[in-house]
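Subject: Structure handover

Hello,

Here is the structure I promised to pass on. Please open it beside this email and follow along.

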Amino acid sequence: MEFDVKEFEVNAYSDDQGVSVLASHVDKQREKHNVIMTSLGPKLGAVAMYKVHMKFPETALAYLPSGDYSREYSKGISESHLGDI
């Protein structure tokens, strides 16, 4: 079975945590495709996906327990990022 997967880079550490990039891609695809998002990277990426999901509620969010998937998943970046969701 083949899937038409679109891959693109998102900088979760940008000022908007990548929301504008994600929203642009989702907006182009959502009329013709089901959009399911999951974050396998920084937690800020998951926050960005949540914000995009709130803008486009017809999308879906999927959760993968990263610690179960890979025990070496994240060591952190030694910084904290604070903000409102």
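Start with Ala-60. Beyond its neighbours within four places in sequence, Ala-60 is in contact with Val-35, Ile-36, Met-37 and His-53. Ala-60 sits in strand β2. Its relative accessible area is 31%, so Ala-60 is partly exposed. Met-49 is eleven residues away along the chain, and the two C-alpha atoms are separated by 9.5 Å.

One caution before the rest: this is a predicted model.

The overall layout

The protein has three helices and two strands. From the N terminus, the order is α-β-α-β-α. Of the 85 residues in the protein, 22% are buried. The protein exposes about 7000 Å², and carbon and sulfur atoms supply 51% of that area. Now the contacts with a separation of 6 or more: residues 24 or more positions apart account for 59% of them.

The core

Which residues make up the largest nonpolar core? There are ten: Val-19, Leu-22, Ala-23, Val-26, Val-35, Met-37, Ala-48, Met-49, Val-52 and Phe-56. Helices α1 (19-29) and α2 (43-55) each supply at least two residues of this core. The largest share, four residues, comes from α1.

Look at α1 in turn. Its residues Val-19, Leu-22, Ala-23 and Val-26 are buried. Viewed down the axis of α1, the buried residues fall within an arc of 95°, so they line one face of the helix. The cover over the buried residues of α1 includes β1 and α2.

Phe-56 is another core residue. Leaving out residues up to four places away in sequence, Phe-56 touches Ala-23, Val-26, Asp-27 and Arg-30. Keep Asp-27 and Arg-30 in mind for the next part.

The salt bridges

How many salt bridges are there? The count comes to three. Arg-30 takes part in each of the following pairs.

- Arg-30 and Asp-27: their side chains meet at 2.9 Å, N to O.
- Arg-30 and Glu-31: the closest N and O atoms are 3.5 Å apart.
- Arg-30 and Glu-58: the closest N and O atoms are 2.8 Å apart.

The pair of Arg-30 and Glu-58 deserves a look. Arg-30 lies in the loop between α1 and β1, and Glu-58 in the loop between α2 and β2, so the pair ties together parts that are 28 residues apart in sequence. Through shared partners, the salt bridges join Asp-27, Arg-30, Glu-31 and Glu-58 into one network.

Are these residues exposed or partly exposed? Arg-30 is partly exposed, at 25% relative accessibility. Asp-27 is partly exposed too, with a relative accessible area of 40%. Glu-58 counts as partly exposed at 44%. Glu-31 counts as exposed, at 64% relative accessibility.

Two loop residues

Ser-39 lies in the loop between β1 (36-37) and α2. Is Ser-39 buried or exposed? The cut-off for buried is under 20% relative accessible area. Ser-39 has 17% relative accessibility, so it counts as buried. Not counting residues up to four places away in sequence, Ser-39 touches Gly-45, Ala-46 and Met-49. Met-49 is one of the core residues.

Ala-62 is in the loop between β2 (60-61) and α3 (66-69). Its relative accessible area is 37%, so Ala-62 is partly exposed. With residues up to four places away set aside, Ala-62 touches Ile-36, Met-37 and Thr-38. Ala-62 and Thr-38 are 24 residues apart in sequence, yet 5.0 Å apart in space, C-alpha to C-alpha.

The surface

Last, the start of the chain. Met-1, Phe-3 and Val-5 make a nonpolar surface patch of about 470 Å². Val-5 lies in the segment before α1. At 65% relative accessibility, Val-5 counts as exposed.

Where to look first

Begin with the ten core residues. Then turn to the network of Asp-27, Arg-30, Glu-31 and Glu-58. Finish with the patch of Met-1, Phe-3 and Val-5.

Best wishes

How values were computed: Residues numbered from 1 in each chain as written. Predicted model: local features only at pLDDT ≥ 70, side-chain atom pairs only at ≥ 80, totals over all residues. Heavy atoms only, no water. Core = buried A, V, L, I, M, F, W, Y, C linked by side-chain atoms within 4.5 Å. Buried < 20%, exposed > 50% of the residue type's maximum accessible area, 1.4 Å probe, protein only. Contact = heavy atoms within 4.5 Å. Patch = residues over 30% accessible without salt bridge, like charges linked within 9 Å, V, L, I, M, F, W, Y side chains within 5 Å. Areas by Shrake-Rupley, 256 points an atom, 1.4 Å probe, with all protein chains shown as cover. Salt bridge = Lys/Arg side-chain N within 4 Å of Asp/Glu carboxyl O. Arc of directions from axis to C-beta.
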